[in-house]
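Please consult the sequence and the structure alongside the text.

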Amino acid sequence: CERLVFDRERLVLTAVGWSLKDYMRFDRVRIGRYVRRLRDRGVSSTVTLYAVRDLRRPARERVLKGEAPNL
């Protein structure tokens, strides 16, 4: 994911978000922190929104706000 997070193609960014979403099923805390760091680095919202898509609303909002995931 790290190599592709700043790609210019929307489909590539969507795929990165999907893969992060899949990884989040197995290690929510670690991937949640990674997604927060990506947001701090200015990664496209396409990546982050797809990554947190399966989270329940409170957890999703915490990750997007940059707070502790507590997933």
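M24 is located in helix α1, where helices (H or I, at least four residues) are DSSP runs numbered from the N terminus. M24 is buried, at a relative accessible area of 3%; buried means under 20% relative accessible area, exposed over 50%, and partly exposed in between, with a 1.4 Å probe and protein chains only. Between M24 and V35 lie 11 residues of sequence separation and a C-alpha to C-alpha distance of 9.8 Å.

**Basis and confidence**

- This is a predicted model, in which local features need pLDDT of at least 70 and side-chain atom pairs count only at pLDDT 80 or more, while totals for chains, interfaces and linings use all residues.
- Residues are numbered from 1 along each chain as its sequence is written, and side-chain values use heavy atoms, with hydrogens and water left out.
- The protein chain has a mean pLDDT of 89, with 94% of its residues at 70 or more; pLDDT is the predictor's confidence in each residue, from 0 to 100.
- Confidence in the protein chain is highest in helix α1 (residues 10-24), at a mean of 95, and lowest in helix α4 (residues 57-65), at 84.

**Packing of α1 with α2**

- Helix α1 packs with helix α2 (residues 28-40) at an angle of about 150°, and their axes are 8 Å apart. Axes are lines fitted to C-alpha atoms, for helices over the stretch in contact, and angles run from 0 to 180 degrees between N-to-C directions.
- The two helices, α1 and α2, are therefore roughly antiparallel to each other; angles under 35 degrees count as roughly parallel, over 145 as roughly antiparallel, 65 to 115 as roughly perpendicular and the rest as oblique.
- α1 contributes L20, Y23 and M24 to the contact, and α2 contributes R28, I31, G32, Y34, V35 and L38, contact meaning heavy atoms within 4.5 Å.
- By class, the residues of the contact of α1 with α2 are seven nonpolar, one polar and one charged. Ala, Val, Leu, Ile, Met, Phe, Trp, Tyr, Cys and Pro count as nonpolar, Asp, Glu, Lys and Arg as charged, and the others, Gly among them, as polar.

**Packing of α2 with α4**

- α2 and α4 pack at an angle of about 45°, with axes 8 Å apart, and α2 is therefore oblique to α4.
- On the α2 side, G32, V35, R36 and R39 meet R62, V63 and L64 of α4.
- The residues of the contact of α2 with α4 comprise three nonpolar, one polar and three charged.

- One aromatic pair is found in a search of the whole structure. Rings of Phe, Tyr and Trp (its six-membered ring) pair if their centres lie within 6.5 Å; planes under 30 degrees apart count as stacked, over 60 as edge-to-face and the rest as tilted.
- W18 and Y50 form this edge-to-face pair, at 6.0 Å centre to centre and 85° between the planes.
- The pair links distant parts of the chain, with W18 in helix α1 and Y50 in helix α3 (residues 45-51), 32 residues apart.
- W18 is partly exposed, at a relative accessible area of 41%, and Y50 is partly exposed, at 22%.
- Leaving aside neighbours within four places in sequence, Y50 is in contact with T14, G17, W18 and K21. Y50 and T14 are 36 residues apart in sequence and 6.8 Å apart, C-alpha to C-alpha.
- T46, also found in helix α3, counts as buried at 9% relative accessibility.
- Not counting residues up to four places away in sequence, T46 touches R10, L13 and T14. T46 and T14 are 32 residues apart in sequence and 6.1 Å apart in space, C-alpha to C-alpha.
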